[in-house]
Amino acid sequence: MRSVPVLIVGGGPVGLTASFLLSRRGVPSLLVERHPGTAIHPKARGINVRTMEIFRQQGVEDAVRNAGLPPERTGLIVWARTLAGEEIERRTPWRGRAEAAQISPVRNCLCAQDYLEPVLRAYAEGQAGAELRFNCELASFEQSDTGVHATLLDRTNGREEQVAADYMIAADGAQSGVRQALGVGMLGKKDVYDSVNMLFEADLRRWTTDRPAALYFIENPELRGTFLTINAHDRWGFLVNSLKSQGLRAEDFTPELAERLVRLGAGIPDLPVKILGIAPWVASAQVAERYMMGRVFLAGDAAHEMPPTGGFGMNTGVQDVHNLCWKLALVLQGEADASLLATYHDERQPLGRAITEQSLHNAISMGRLQETRQAAGARPEYLNEIGMIFGAIYESRAVVPDGTDRPAVANPVTDYVPSGRPGGRAPHAWLKKPDGERISTIDLVGNDFVLFAGSRGEAWLDAAAKLGLALKTVPVGPDGLADVEGHWHELYGVERTGAVLVRPDGYVGWRSASLPADPATALAGAYHAILGRV
Ligand SMILES: Cc1cc2nc3c(=O)[nH]c(=O)nc-3n(C[C@H](O)[C@H](O)[C@H](O)COP(=O)(O)OP(=O)(O)OC[C@H]3O[C@@H](n4cnc5c(N)ncnc54)[C@H](O)[C@@H]3O)c2cc1C
């Protein structure tokens, strides 16, 4: 029987990302995807800054940007009677504003899922140790204390194959067969509103180029819909929600009806339109009770299904596997205790619940759950969810608390206070290399453990060298990377003799505000605690 350390079920954006995250940490994996190729519908489009930070840290940022559109071509959100008609409102979401650069050196990107997945697939297939099999499905599985036994079905020839895996990642989407087979319940609301997505070709530049937006909401007495930017030229989506309130039914959507609705939304009766696809779907707002069952982990839509209002589904899924894969790698490589894996559920499931709830609040504020038509709008938080994108705070055994309080925020959805407190994302600060080039802390973390030592923290560097721990050291100060804006110590909340240990997912695992009597014992204690070895 074939053996593999990790079996990944599902070749959507989350499974594909898991594949290269594991490969880059030296863990071989087998990914199976039941379809012959990647997505044919452009479902998710908005890749948020946090996900782009991860793609950058993994070396795939440029390829993703080349497949998508830059922020300046999608910076606005527009409300109008029709595309050609009166404009009601336009907003610049936070990500399009100058202050976004203070939080991250990385910008968001719009890349439709059917353009993104081939990029992630090619990147995953290019990594040593990865095998990706399309047209191949997980038919059944069982697990024991020592591993997962899976039966795969090759759909090209109908042959079955038995595979033994140490662990399995179920990135098999919202209808997750793995989740159902394990009997994991869902918390929240199923089927909150119905929708139809239409993919079409039409040249809409005349009505869009001078107000480049990611979304053009259409609101008139006959129709409520949304034009979705895909290539900002001749490939677009048109989305109609809450069908009943508009006297529509998903089963009635023919190419003729779709063409008529696109022209109605555009306000151009003779617009040449070619319908490429019609995809009905139903939004839900629910999260799995457990993300980890024995040796099986749920990730992405298999773990949480949320309304796309806010664009968090895929982003949250990519960030799930970014949290999981370093833990799996260190456990498989004998560097961490298996108990570290339980922190995946502890850290990601509460966050999945919070993000799903806020995505639902967005949808409610936009009238998506109404049975009858009402004026469109969106609460001010919509597309300004800075707190949700950057402000996640993990509380688990893989974080060593330092007794300080969480940064106070008035609105956790919109407000983010950068902080070096354990449990939060290691914030962005500019440092300067000896050759004068600037580098962000975001480009120093995200793969290995990193120990930042303050400008008088030589003792930490000595301790790390003496202990021989598998971590990178970054001295901030005259002997290392200069603190360009002079606020690294303040931002990370340490004195000049302090130190901060950042985990391989870019989250702070531990910090010491100043130098203790025995730095080696303090550092070793924190490192081993994060890895579950004490
Ligand atoms: C209209 C719309 C707009 C959206 N917009 C956004 C957005 O802007 N930003 C955002 O972040 N998210 C958005 N989303 C959500 C996003 O599309 C999903 O969150 C994302 O696709 C989830 O990725 P995934 O890899 O978890 O699951 P999926 O993409 O569903 O992939 C799961 C894969 O598993 C495969 N599979 C299932 N069972 C098996 C099996 N037994 N064996 C082998 N393979 C199997 C399936 O074939 C599928 O390819 C949107 C969704 C919709 C519907």
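I started with helix 12 and helix 14, and found that helix 12 passes helix 14 in a right-handed crossing. For my own record, right-handed means the near helix is turned clockwise from the far one by less than a right angle, and left-handed means anticlockwise. Helices here are DSSP runs of H or I with at least four residues, strands are E runs of at least two, and both are numbered from the N terminus.

Before going on, I noted that this is a predicted model, where local features need pLDDT of at least 70, side-chain atom pairs count only at pLDDT 80 or more, and totals for chains, interfaces and linings use all residues. Residues are numbered from 1 along each chain as its sequence is written.

Back to the pair: the axes of helix 12 (residues 458-467) and helix 14 (residues 519-530) come within 9 Å and cross at roughly 60 degrees. Axes are lines fitted to C-alpha atoms, for helices over the stretch in contact, with angles from 0 to 180 degrees between N-to-C directions. Helix 12 brings Ala459, Trp460, Ala463, Ala464, Lys466 and Leu467 to the contact, and helix 14 brings Pro519, Ala520, Leu523 and Ala524; contact means C-beta atoms, placed from the backbone, within 7 Å. I sorted these residues into nine nonpolar, no polar and one charged. Nonpolar covers Ala, Val, Leu, Ile, Met, Phe, Trp, Tyr, Cys and Pro, charged covers Asp, Glu, Lys and Arg, and the others, Gly among them, are polar.

Next I looked up helix 1 and helix 5 (residues 113-125), whose axes come within 9 Å and cross at roughly 20 degrees. That makes helix 1 roughly parallel to helix 5, a label for angles under 35 degrees. This crossing is left-handed. Among the residues in contact are Leu16 and Phe20 of helix 1 and Leu116 and Leu120 of helix 5. The contact divides into seven nonpolar, three polar and two charged residues.

Then I turned to the ligand. Of the 33 residues around it, Gly10, Gly12, Gly173, Gly300 and Gly313 come nearest; a residue counts as near if its C-beta atom, placed from the backbone, lies within 6 Å. Helix 9 gives the largest share of the shell, four residues. The shell divides into 11 nonpolar, 15 polar and seven charged residues.

Last, I checked an open sheet of three strands, with order 20-19-23 and antiparallel pairing; strands pair if DSSP finds at least two bridges between them. Strand 20 (438-440) and strand 23 (482-483) are the edge strands. Two bridges join strand 19 (residues 430-432) to strand 23, and I found alanine 482 of strand 23 as the bridge partner of lysine 432.

Conventions:
Two residues are in contact if their C-beta atoms, placed from the backbone, lie within 7 Å. Angles under 35 degrees count as roughly parallel, over 145 as roughly antiparallel, 65 to 115 as roughly perpendicular and the rest as oblique.
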